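Here are a few notes to read alongside the model.

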Amino acid sequence: MTIYKTILLKKGKEESLLRFHPWIFSGAIQRMDEGIEEGEPVRIFTHRGDFVAVGHYQVGSIAVRVLSFRDIEINQDFWESRLKSALRMRVGIGIADNPSNNTYRLVHGEGDNLPGLVIDCYGETAVMQAHSVGMHVCRQQICNALTQVMGERIQNVYYKSETTLPYKAELGQENGFIYGGSNNDVAVENGLKFHVDWLKGQKTGFFVDQRENRALLERYAKNRSVLNMFCYTGGFSVYAMRGGATLVHSVDSSAKAIELTKQNIALNFPDDKRHQAFCEDAFKYLDANDGKYDLMVLDPPAFAKHRGALHNALKGYTRLNVKGLERIKPGGILFTFSCSQVVTKDNFRNAVFTAAAQAGRKVRILHQLHQPADHPINIYHPEGEYLKGLVLYVE
């Protein structure tokens, strides 16, 4: 067995680990072996010398991301075992190996006991993203395990971590295929086709986490006029079209997002005149289009990336939802979301409650939304619950 360098914790700092929380903060460390490099596996011990965990070391607030609470070697067998477990769950809940849906998240970081790693599957291409130096260092080993476990399901692995790794680590990371290679960027979600921009798109190229919420919107779209604000690749717009909306307008401040949306509409509904896309600022567009829509989606990018931005983020969510609630037709339905991890469900609900009061509308909650089952939350890591949403009926 490989001998890993060790880290000793301060007295009492093992308590969260004994509850299987997968993070060790830098302030919990009493002593480290010399020469520990970023990304290498380390063994963790209590101040008394009792083994607690093995994980990846990294410079920063989260000093160790725990890979196992058993004293094991992080080798090919480890990666294959974890990936088999992740795949088994997706097959078991009907998300993987589904002929009408080849778009899903295979690995969701801490939710799959692989903190710092995300793998999304788009047809025969897996997009792998490292959020920790340790996962970056192991990328080829993980890729080998992935192709072994997935078999014929996956022919290509694209590595996309330029923007997710700490720049201070100076890893010189470049995005690109580390296995296979493909120009086919079309994936299928619930029978609908989408171009996935894994080369330059946000996250891994598509917001896989809104699949079930898009399907819910489709149920409400019939005979409604729909506004999809912050449309990105137009996911909600495509579902609204299939749901029988009378018109669908997609809005984003990014010209590239608008172009992607147009491509995805054309892929599913060529020459359909119900859809139009606008490259405009959200607030200006809402101000100029009062009472035009009776189904709205407000799905902005994360307003708070860290806890210090929480106060301003909540003000932003309130301001945005005031605009939406003021402009929607009576009897309209509003889908509103936050994807900021530091914004709790109660934070978000209070922001929307404040917005409803300021808008002076009667509002009822129809649904409380969250991330789908292929984005599981580790029960010992509640911070993994990041996507919050409400569906509101507005009188």
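**Notes on the fold**

1. With 395 residues, the protein would have a radius of gyration near 21 Å as a compact globule, and its value of 22 Å agrees with that. The radius is taken over C-alpha atoms, and the globule rule is 2.2 Å times the number of residues to the power 0.38. Along the principal axes, the C-alpha atoms fill a box of roughly 65 × 45 × 35 Å.

2. A word on the basis: this is a predicted model, where local features need pLDDT of at least 70, side-chain atom pairs count only at pLDDT 80 or more, and totals for chains, interfaces and linings use all residues. Residues are numbered from 1 along each chain as its sequence is written, and side-chain values use heavy atoms, with hydrogens and water left out.

3. The secondary structure comprises ten helices and 20 strands. These are DSSP runs numbered from the N terminus (helices: H or I, at least four residues; strands: E, at least two).

4. Strand 1 (residues 5-9) has two partners to look at, where pairing takes at least two DSSP bridges. With strand 4 (residues 41-45) the pairing is parallel, over four bridges, and L8 stands opposite F45 there. With strand 3 (residues 29-32) strand 1 pairs in the antiparallel sense over three bridges, and L9 faces I29.

5. Of the 395 residues, 55% are buried (under 20% relative accessible area, 1.4 Å probe, protein chains only). Among contacts (heavy atoms within 4.5 Å) between residues at least 6 apart in sequence, 66% join residues at least 24 apart.

Key: Buried < 20%, exposed > 50% of the residue type's maximum accessible area, 1.4 Å probe, protein only.
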